[in-house]
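Hello,

Here is the structure I promised to pass on. Please open it first, then read my notes below.

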Amino acid sequence: MNIKLKIWRQKNAKAKGKFEDYTLDDVSPEMSFLEMLDALNTKLIEEGGDPVAYDHDCREGICGCCSLYINGNPHGPGEKTTTCELHMRSFKDGQTLIVEPWRAKSFPVIKDLIVDRNAFDKIIVAGGFISVDAGSAPDSNSILAKKENADEAINSASCIGCGACVAACKNASAMLFVSAKISQLALLPQGKVEAMDRVNAMVARMDELGFGNCTNTYACEAECPKGIKITNIARMNREFFAAKVVG
Amino acid sequence: MVTLNSKIPEGPLAEKWSKYKSSMKLVNPANKKKLDIILVGTGLAGASAASSLGELGYNVKVFCFQDTPRRAHSVAAQGGINAAKNYKNDGDSVYRLFYDMIKGGDYRAREANVYRAAEVSNATIDQLTAQGVPFAREYGGTLDNRSFGGVQVSRTFYAKGQTGQQCILGAYSGLSRQVKNGTVKMFSRREMLELIIVDGKARGIITRNLITGEIERHSGHAVVLATGGYGTIYYLSTLAVNSNASAAWTAYKKGAFWGNPSFIQIHPSSIPVLNDYQAKLTLMSESLRNDGRVWAPKKKGDKRPANDIPEEERDYYLERRYPAYGNLVPRDVGSRAAKERCDAGYGVGDTGLAVNLDFKDAIAKQGKEAIEEKYGNLFEMYEKITGINPYEEPMRIYPAGHYTMGGLWVDYELMTTIPGLFAIGESNFSDHGANRLGASSLMQCSGDGYFIIPNTIGNYLADEIRTPKIPTDTHEFEEAEKAVKSKIEKLLSVNGRQTVTSFHKRLGKILWDYSGMTRNEEGLKKGLVLVDELEKEFWKDVKVPGTADELNQELEKAGRVADFFELAKLIITDGLNRRESCGAHFREESKTETGEAKRDDKNYSYVSVWEYKGKDKPPELHKEELNYEYVEVKVRDYK
């Protein structure tokens with residue numbers, strides 16, 4: 001395959017970025033998208049150029065490192081797929097691919113396609129945990145949880161923290177990410193004790209960090225590589241209002 | 001001559017840990033606040049240690065090279081985490097878990113450490129559950145278990161095929177809570193490049209800020225490494241591509257000994273190598289062997305599609321060779337059996353380097369839904385990568401480099417040979433002998449982090465309460481910083497023609513061919529020469545673009561690969577020294593008539609512990625003799 005690329009290049013956070021054009025011949029449809037970028041970087045290095053910087057690590061769709069807006073979609077085309085799981089067989093010979101970093105005020109660009117997603121950590125620090133010290137946990141089977149709830153908690157907990165939901169949302173809202181964590185812990189008996197404080201603290205921090213409000217367009221759910229459901233946001237809102245009522 | 005003191009407490013096996021805890025020195029809460037601990041790595045071991053040490057009140061500075069601590073490669077462990085809860089009423093116990101690990105490790109692990117790992121496993125599951133890890137449940141609300149390779153009880157807790165992700169998110173949430181409480185300070189996108197030793201004690205590290213390139217000094221009263229394994233040395237492995245050995249390697253070169261470097265687990269079920277631009281191999285969890293049956297065609301070179309090969313022409317070779325354990329043999333045994341079939345010409349796929357993992361019978365018996373509930377995400381992952389639907393066609397699998405049982409040598413307190421330097425999780429050599437059993441790495445990492453290091457580090461720090469904050473403007477820091485900068489400068493100045501990755505690929509191929517699933521004297525010797533030549537070529541012809549004072553991913557890789565050359569030579573040297581087969585280390589010269597690994601307990605019942613003696617000097621071998629008081633050392637038999 002022959003692939004044309006328009007890639008966002010930006011030397012650092014302060015520099016002005018722009019798109020650069022590249023062409024790559026001999027792309028195999030069996031290559032993953034990142035292996036294609038590896039091949040581009042090899043070519044650039046060998047020609048004395050500057051390779052494209054992008055985040056990646058596990059290359060099996062679980063670490064949440066990889067990102068990239070590809071032809072207008074976070075993680076490119078394909079449902080429930082991270083960029084590292086995307087393969088070139090999803091594209092056509094001769095196609096032009098536009099590759100950009102996540103675009104969101106709360107995710108500033110560090111270099112080229114790498115953004116700073118540290119804001120997610122800050123939201124978790126605000127309250128995305130259960131306060132239990134090592135040594136004080138009761139026997140696991142003394143905390144019974146309904147299987148359906150536990151299964152739903154796993155679905156919410158499948159979030160990999162990649163930030164595609166924020167990138168997909170025109171308001172750059174982090175509600176899918178935040179609500180997934182709130183739901184996971186609210187669905188389990190061990191998380192109920194702090195549920196109200198948690199939702200208050202996490203929502204407040206999310207707002208402080210400049211993430212926007214939910215647009216109700218469901219773009220986050222459509223683009224989430226792990227299939228996190230929008231119903232998590234509904235649950236978070238319920239939890240939030242309940243906390244407000246109780247005060 | 002250094003004598004290795006493993007500091008194993010006196011007394012009966014089952015009482016050693018409680019005896020240790022009741023007699024160790026303590027640091028009172030007011031003094032804990034005055035003590036700084038440096039912790040490198042935020043996988044399950046690092047994150048759980050950060051959380052526990054923070055809870056105790058120490059000042060913990062935590063470092064990781066990823067953008068956030070939640071991404072460390074523990075996240076990719078799929079199948080499960082073991083504990084001796086005996087919730088299944090199937091005869092499990094702490095002793096049995098200990099025994100299975102000792103046997104699984106082919107009698108090359110230290111009894112006291114392994115027993116303790118089994119002992120703390122139950123508290124670990126409780127801690128993770130309490131932190132909100134959504135383990136799979138039964139309809140009555142209790143936790144579910146499944147079985148795993150190398151054992152005959154069901155003691156594995158799991159969260160679909162994402163157990164590692166869920167465990168690390170639990171530990172990461174504990175770490176985050178301590179960030180909020182002010183006891184943990186998090187430094188992400190930092191890579192440790194040097195260890196600082198002051199008056200013989202570990203007192204700090206030098207890091208590179210991966211965004212700005214700035215070289216930074218950090219000091220502490222103790223340093224804990226939780227930097228994982230070195231499976232990426234093979235280039236293609238199941239590890240995250242940025243996983244590396246550099247932090248541990250710098251510790252080795254500063255005087256921490258390395259235990260059993262050649263003990264590297266090759267996992268039997270990874271998606272096979274598909275092409276030569278591939279950047280990694282994706283694991284297909286061992287848990288799949290609970291329901292999947294492994295087979296190769298009975299006819300040599302049979303290239304028919306798997307579904308066209310009738311039942312009577314299939315060779316379920318694991319069930320045939322190992323009727324007692326069948327598809328659930330331990331990993332080393334499963335890997336070699338696959339290699340044996342493929343080498344003999346029975347492999348499938350274009351390359352002939354693959355065997356089938358077939359779910360046809362399980363789907364027929366349990367229904368597609370039941371299989372989907374257990375392994376849905378793994379099946380999806382397989383289909384995304386290969387384009388093949390494993391509900392309809394068998395998966396193709398082949399062994400791949402995976403886990404390193406070897407690592408920094410530690411004593412019972414998880415302290416290395418450098419006072420004040422600790423190594424936990426996969427970065428140490430401690431609990432898995434010559435082969436690790438499935439679902440025991442999450443167990444060991446979290447046990448080390450939540451329950452062991454928080455105790456043992458106190459015993460060391462109790463003598464440090466009068467030591468003021470360690471200054472960073474001393475000549476030790478000065479010199480270490482200089483060394484780091486000069487290595488970076490050297491890498492950038494070669495300005496050759498070949499990329500770092502091309503060297504890494506070639507190094508990986510040499511190791512896979514000569515120090516992989518099977519090894520022999522001649523091959524190992526040849527491998528050593530080839531690595532040495534390639535290393536020389538690297539320093540003459542590598543091309544590292546860009547500068548030192550910017551985000552430079554090629555420079556990061558170059559430093560790691562430069563260290564891999566040196567580590568590769570240690571791996572091969574260790575493999576040459578150990579003229580026996582044990583666990584994952586299979587010397588072709590030492591096998592039984594049926595092709596199984598043949599140990600030589602008379603000559604090799606020891607941990608090989610290597611000391612760095614300087615550049616271009618051979619490392620010195622020390623031996624930690626292994627004494628088995630509580631298990632009878634037998635031939636490991638899964639037939």
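I started with a helix pair in chain B. The crossing of α15(B) and α17(B) is left-handed. Keep in mind that this is a predicted model. Helix α15 covers residues 500–514 of chain B. Its axis and that of α17(B) are 9 Å apart, at an angle of about 25 degrees. Angles under 35 degrees count as roughly parallel, so α15(B) is roughly parallel to α17(B).

Which residues make the contact? From α15(B) come Val500(B), Thr501(B), Phe503(B), His504(B), Leu507(B) and Leu511(B). From α17(B) come Glu554(B), Lys557(B), Ala558(B), Val561(B), Phe564(B), Phe565(B) and Ala568(B). By class, that contact has nine nonpolar, two polar and two charged residues.

Next, the two chains. In chain B, 65 residues are in contact with 65 residues of chain A. Several elements give two or more residues to this side of chain B, including α3 (44–56), α12 (368–386) and α17 (553–577). The largest share, nine residues, comes from α7(B). The side of chain B that touches chain A has 25 nonpolar, 25 polar and 15 charged residues.

Last, the core. The largest nonpolar core has 274 residues. Those with the most contacts inside it are Val166(A), Val224(B), Leu225(B) and Phe422(B). Helix α13(B) gives the largest share of this core, ten residues.

What does Phe422(B) touch, leaving aside its neighbours within four places in sequence? Its contacts are Ala222(B), Val224(B), Leu225(B), Leu414(B), Met415(B), Thr416(B), Ile453(B) and Ile457(B).

Best wishes

How values were computed:
Residues numbered from 1 in each chain as written. Chains lettered and ligands numbered in written order. Predicted model: local features only at pLDDT ≥ 70, side-chain atom pairs only at ≥ 80, totals over all residues. Contact = placed C-beta atoms within 7 Å. Helix = DSSP H or I, 4+ residues; strand = E, 2+ residues; numbered from the N terminus. Nonpolar A, V, L, I, M, F, W, Y, C, P; charged D, E, K, R; others polar. Core = buried A, V, L, I, M, F, W, Y, C linked by C-beta atoms within 7 Å. Buried ≥ 20, exposed ≤ 12 C-beta atoms within 10 Å, placed from the backbone. Axes fitted to C-alpha atoms, helices over the stretch in contact; angles between N-to-C directions. Parallel < 35°, antiparallel > 145°, perpendicular 65-115°, else oblique. Left-handed = near helix turned anticlockwise from the far one by under 90°.
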